[in-house]
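This report describes selected local features of the structure shown below.

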Number of protein chains: 2
Amino acid sequence: MNTRRVNISDVAREAGVSSQTVSRALNNKGEISVETRQRVLEIVRRLGYRPNTLARGLVTQKTCTLGLVVPDIANPFFSEVARGAEDAAHFAGYSLLLCNAMEDPEREMEALRTLEAQRVDGILLCSSRLAAPKLEALLGRLPPVVLANREPASEAMHSVSIDDEFGALAAMRHLLRSGRRQVGLLAGPPASSSGARRTAGHRAALAEAGLPARPELIVPCAPHLEGGVEGATALLTRYPEIDALLCYNDLVAVGALQACAGLDRRVPEDVAVVGFDDIPLAALVTPPLTTLRSDRRMLGAELVRLMLQALEGCPGGCENVVLKPELIVRASAPSASAA
Amino acid sequence: MNTRRVNISDVAREAGVSSQTVSRALNNKGEISVETRQRVLEIVRRLGYRPNTLARGLVTQKTCTLGLVVPDIANPFFSEVARGAEDAAHFAGYSLLLCNAMEDPEREMEALRTLEAQRVDGILLCSSRLAAPKLEALLGRLPPVVLANREPASEAMHSVSIDDEFGALAAMRHLLRSGRRQVGLLAGPPASSSGARRTAGHRAALAEAGLPARPELIVPCAPHLEGGVEGATALLTRYPEIDALLCYNDLVAVGALQACAGLDRRVPEDVAVVGFDDIPLAALVTPPLTTLRSDRRMLGAELVRLMLQALEGCPGGCENVVLKPELIVRASAPSASAA
DNA sequence: TTGAAAGCGATACCAT
DNA sequence: ATGGTATCGCTTTCAA
């Protein structure tokens with residue numbers, strides 16, 4: 001604990017060469033004789049030397065580190081995204097600095113400032129809860145950002161999203177086709193842009209079917225189980241005519257199932273419930289959830305792929321990858337109406 | 001993108017002072033007049049200056065960054081640990097470098113090497129899959145390590161664990177009391193030390209009850225749902241007399257439930273199933289899982305607390321925090337035998 | 001092919 | 001209270 005770490009000069013001294021030569025041997029750069037490199041690398045191994053990435057980053061202006069900002073790493077959606085991103089980043093030689101924004105815009109700002117100070121090479125920003133002007137103001141000073149589940153703030157920006165409007169539309173068509181007419185929407189956090197897009201899909205489906213929009217059936221909710229319980233209880237109590245609930249995500253949907261149980265509403269007979277994401281839980285609850293499956297690991301991997309592209313200067317402009325979710329029909333909202 | 005970042009000298013020049021003075025203003029250190037500090041800070045704000053943590057870390061030998069190594073961040077156990085750790089770290093002014101070891105010892109080694117090169121101030125190592133000698137060999141050169149769910153390799157080391165043996169013992173007593181006699185054990189990854197301790201609890205309970213040990217009823221399994229399906233199917237097919245399964249974690253237990261369904265064994269009538277961890281899923285499957293509840297967020301927070309202590313030189317020796325899991329009885333293994 | 005020297009951006013130490 | 005200078009560990013640039 002008290003002994004100084006071995007540094008490049010130690011290696012150089014031991015090998016009887018200069019530190020630049022050691023650097024060359026390590027980075028496969030510049031001309032260097034095969035035997036010198038061999039000898040140096042041997043000593044590197046013997047001494048257990050590891051280059052200090054801080055020092056290296058200071059001069060190269062590259063840290064080989066990416067920031068990953070998520071609203072809640074304990075949310076299975078984001079933990080899968082994180083896994084996909086970590087794996088892709090690792091593969092490309094990057095490390096990941098994890099920031100949990102706790103669904104709090106203030107905290108998210110802090111995270112971005114920290115990442116800026118840490119000089120990460122890029123930032124993977126998932127489901128930002130920041131208001132558009134704030135986000136845009138920040139973007140100028142930050143390293144390259146790739147957005148997940150959020151409209152790119154400028155056209156010079158990569159993004160990866162689940163096609164939320166498409167998903168909500170598909171879910172609504174399914175519900176309407178099976179005879180539901182009063183579909184409540186648990187729309188997620190007010191600041192969530194996926195929530196906004198799902199709301200748009202909800203509205204579009206009603207319009208398409210020539211049904212009246214009832215904005216009062218749309219309520220925001222926290223993006224977890226408890227949020228679903230609260231939101232669904234409020235909606236069903238206030239508007240007993242509701243015969244279906246479209247939910248912000250599967251956790252919320254499970255909360256909705258519990259709320260229905262608490263209010264003695266049968267699922268799917270009285271109320272159909274549809275979730276979003278198809279987390280492992282979805283297939284295992286009773287009744288199993290009808291939901292929209294999204295490939296979250298892929299989303300994480302795509303974030304990294306686009307980031308690497310951005311770090312090379314966006315040759316060929318920016319991509320906005322859109323992943324289509326797939327409707328998975330299970331018992332909580334079956335095809336033939338059981339009402 | 002093309003303009004150089006503002007650095008401490010820019011601020012100094014603008015303020016008409018030396019860079020040391022700026023440093024003092026920023027770090028609340030050394031003597032500095034109130035008005036000078038005010039002026040400097042004002043300019044810092046105006047220029048949007050953020051100290052480069054690389055440069056700072058290079059000289060202070062502190063990066064204010066901790067490494068977090070987990071076998072699988074998508075596993076709800078570890079994503080909750082990560083959340084607890086991130087929150088505590090953030091509160092203490094530390095960032096978290098996330099490494100997903102993918103349940104692979106080779107990859108775990110790599111992660112540790114990377115963290116060493118990144119000069120993290122400390123490493124939170126969760127459920128290491130490394131063999132003891134390898135781990136010990138590494139420990140000498142690494143920054144302080146706090147272990148989760150693993151026996152400390154040396155006495156000069158902090159650790160936080162779930163009391164796995166206690167948990168397994170409690171679960172076994174519960175099963176035996178309710179009349180089960182042939183309890184299969186899905187023991188988790190061979191390299192998992194929690195798995196080993198749970199196996200010990202399983203054995204201890206049998207001995208305590210004067211029942212014969214049947215090592216063939218103990219099989220390793222991958223720590224996720226599929227692992228549970230495979231392991232349980234193999235066990236139940238080979239030893240049809242099994243009337244209860246103690247599972248490495250809740251995901252494995254859910255897999256076991258599915259295996260039982262596939263083999264037409266009723267739960268709990270024919271086979272009782274007990275999980276570990278009490279993840280949210282546990283209460284929601286059918287039948288709801290009897291399991292051992294552990295406070296994973298707390299575990300993460302404790303890891304950080306002990307790390308901070310270690311970074312201050314372990315005054316008062318090292319702690320080995322043991323968190324007792326709590327038996328939660330649900331329908332998959334009820335108190336009165338329904339067999 | 002190799003080495004000497006400059007510099008990345010901050011802080012520590014010693015003067016003043 | 002403030003500034004000068006060395007330094008952290010590495011890469012880059014230029015000479016030899």
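A residue is called buried when its relative accessible area is under 20%, exposed when that area is over 50%, and partly exposed in between, with a 1.4 Å probe and protein chains only. The model is a predicted one, in which local features need pLDDT of at least 70 and side-chain atom pairs count only at pLDDT 80 or more, whereas totals for chains, interfaces and linings use all residues. Residues are numbered from 1 along each chain as its sequence is written, chains are lettered from A and ligands numbered from 1 in the order in which they are written, and side-chain values use heavy atoms, with hydrogens and water left out.

**Backbone geometry**

Most residues other than glycine have a negative phi, and most peptide bonds are trans. Asn149(A) has a positive phi, near 55 degrees, and is not a glycine. With 4% relative accessibility, Asn149(A) counts as buried. Helices (H or I, at least four residues) and strands (E, at least two) are DSSP runs, numbered from the N terminus. In these terms, Asn149(A) belongs to the loop between β4 (145-148) and β5 of chain A. In chain B, Glu103(B) also has a positive phi, of about 60 degrees. Glu103(B) sits in the loop between β2 (95-100) and α6 (105-117), and its relative accessibility of 28% makes it partly exposed.

Two cis peptide bonds may be described next. One joins Val267(A) to Pro268(A), with omega about 10 degrees; Pro268(A) is placed in the loop between α11 (250-262) and β9 (272-274) of chain A. Another joins Thr286(A) to Pro287(A), with omega about -10 degrees, and Pro287(A) is placed in the loop between β9 and β10 (291-293) of chain A.

Contact means heavy atoms within 4.5 Å. Ser161(A) is part of strand β5 (residues 158-162) of chain A and is buried at a relative accessible area of 11%. Residues up to four places away in sequence aside, Ser161(A) touches Asn149(A), Arg150(A), Arg197(A), Val321(A), Val322(A) and Leu323(A). Val322(A) itself belongs to strand β11 (residues 320-323) of chain A and is partly exposed, at 47%. Beyond its neighbours within four places in sequence, Val322(A) contacts Ser161(A) and Asp163(A). The C-alpha atoms of Val322(A) and Asp163(A) are 5.9 Å apart in space, although the two residues are 159 apart in sequence.

Gly57(A) lies in α4 of chain A and is buried, at 2%. Neighbours within four places in sequence aside, Gly57(A) is in contact with Lys62(A) and Leu54(B). A C-alpha separation of 40 Å divides Gly57(A) from Arg197(A), 140 residues away along the chain.

**Cysteines**

The structure has 0 disulfides over all chains, a disulfide being a pair of cysteine sulfur atoms within 2.5 Å. For Cys64(A), the closest cysteine sulfur is that of Cys99(B), at 14 Å, too far for a bond. For Cys260(B), the closest is that of Cys247(B), at 8.4 Å, again too far for a bond.

**Aromatic rings**

Rings of Phe, Tyr and Trp (its six-membered ring) pair if their centres lie within 6.5 Å; planes under 30 degrees apart count as stacked, over 60 as edge-to-face and the rest as tilted. There are 2 aromatic pairs over all chains, as tabulated here.

| Pair | Centre to centre | Angle between planes | Type |
|---|---|---|---|
| Phe77(A) and Phe78(A) | 5.1 Å | 75 degrees | edge-to-face |
| Phe77(B) and Phe78(B) | 5.1 Å | 75 degrees | edge-to-face |

In chain A, Phe77(A) is buried at 7% relative accessibility, and Phe78(A) is buried at 5%.
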